[in-house]
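Subject: Handover of a structure and its findings

Dear colleague,

Please find below the structure that I am passing on to you. I would be grateful if you read the notes that follow with it open beside you.

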Amino acid sequence: MIEARHLRVLRAVSATGSFSAAARELGCTQPAVSQQMKALESSAGTTLLIRTGREMRLTQAGEALVRHASGILAGLTAAEEEIAAIAGLRAGRVRLVSFPSGSSTLVPGALAALRAEHPGTRVSLVEAEPPRSVDLLREGDCDIALAFRYGSTGGEWDDLVVRPLLTDRLIGLVPEGHRLAEAPSVSIGELAGESWIAGCPRCRRQLVEVCEESGFTPRIDFATDDYPAVMGLVGAGLGVAVLPELAVESVRPKGARAVPVEPAIEREIVALTLPDLARVPAVAATLDQLSRTAAR
């Protein structure tokens, strides 16, 4: 019989490439990892790993087992959580992953309301930008991923439950003394000759696409995933930027002026989960609270 704990170890070895690295990730010893892999191979009745130099390589059987492991572990987590929640969410647990501006705006109100209504439900939070946050969900390492997308993603999330939350408009940021600081709105084309400060990789790609549609390629002198850093650079007069409205709301832009961008450039904010997890009461309650907070 294949055990879930052995699948978790196999997945860690596959991701890290060695027993020692997997042991560090799992918080156990290398001999323990080796013993569990021997037990898993015995249960499977075939070799799953081959040592090549200092690294471990999966056999064809090992690759097949890793491919199924995430779904199996996610299903087991869903079963455990649903059973624990039968007594009215008194023992629920939700692992939430969110991008930074969502963590500072949507998440606090939603979790405070959830705690008031279901004090026994525990929620943990880590931060990651999409697509990494979505990967964590599919790998079984979280229960809900707060994510965003610009326009259609061509079926990127077809295997997931998608809960739309809100539409987040991009806002232009210019230094207070900038020629457009007092303008009621700006077009991207009016900023063609500026030095640009870009945000996260997905936002950066969107910026380049929007600028190229307006007939120019932005000169990006600074790039950072930290929104306060973006605003600090703009406030110091080092360039201009466009940021999601959620990000502007979460940090007071000292020395920078927020200006609406026309025509509107928007991103869709959503909460994602797996179909099995969507039926877990604690997960469903968290999704409901995120929706209510976003609607305010």
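Accessible areas come from the Shrake-Rupley method with a 1.4 Å probe, and for residues only the protein chains shown count as cover. By that method, the accessible surface of the protein comes to about 14,200 Å², and 51% of this surface belongs to carbon and sulfur atoms.

Two remarks on the source are needed. This is a predicted model, in which local features need pLDDT of at least 70 and side-chain atom pairs count only at pLDDT 80 or more, while totals for chains, interfaces and linings use all residues. Residues are numbered from 1 along each chain as its sequence is written, and side-chain values use heavy atoms, with hydrogens and water left out.

The whole protein

The protein has 11 helices and 11 strands; these are DSSP runs numbered from the N terminus (helices: H or I, at least four residues; strands: E, at least two). Taken along the principal axes, its C-alpha atoms fill a box of roughly 70 × 50 × 35 Å. Of the 296 residues in the protein, 46% are buried, where buried means under 20% relative accessible area, exposed over 50%, and partly exposed in between (1.4 Å probe, protein chains only). Contact means heavy atoms within 4.5 Å. Among the contacts with a separation of 6 or more, 71% are between residues 24 or more positions apart.

Helix α7

How far apart are the end C-alpha atoms of helix α7? They are 18 Å apart, which agrees with the 18 Å that the 13 residues of α7 (residues 201–213) should span at 1.5 Å a residue. The expected span is 1.5 Å times one less than the number of residues.

In α7, the residues Arg202, Cys203, Gln206, Leu207, Val210 and Cys211 are buried. They cover an arc of only 165° around the axis, so they lie on the same side of α7; the arc is that of the directions from the helix axis to the C-beta atoms. In general, an α-helix has 3.6 residues a turn, so residues three or four places apart point the same way. The cover over the buried residues of α7 includes β5 (144–149), β7 (195–198), β8 (219–223), α8 (227–235), β9 (241–244) and β11. Just after α7, Gly215 takes a positive phi of about 100°.

Thr273 is in strand β11 and counts as buried because its relative accessibility is 0%. Leaving out residues up to four places away in sequence, Thr273 touches Leu137, Asp143, Leu160, Val161, Ala278, Val283 and Leu287.

Phe99 lies in the loop between β3 (93–98) and α5 (100–117), and is buried with a relative accessible area of 0%. Beyond residues up to four places away in sequence, the residues that Phe99 touches include Pro130, Leu146, Phe148 and Ile269.

Glu194 is found in the loop between β6 (161–175) and β7. Glu194 is buried, with a relative accessible area of 16%. Apart from neighbours within four places in sequence, Glu194 is in contact with His178, Arg179, Arg219 and Val240.

Cis peptide bonds

The peptide bond from Pro130 to Pro131 is cis, with omega near 10°. Pro131 is in the loop between β4 (122–127) and α6 (132–138). A cis peptide bond also joins Glu262 and Pro263, with omega about -5°; Pro263 is in the loop between β10 (256–260) and β11 (266–273).

Yours sincerely
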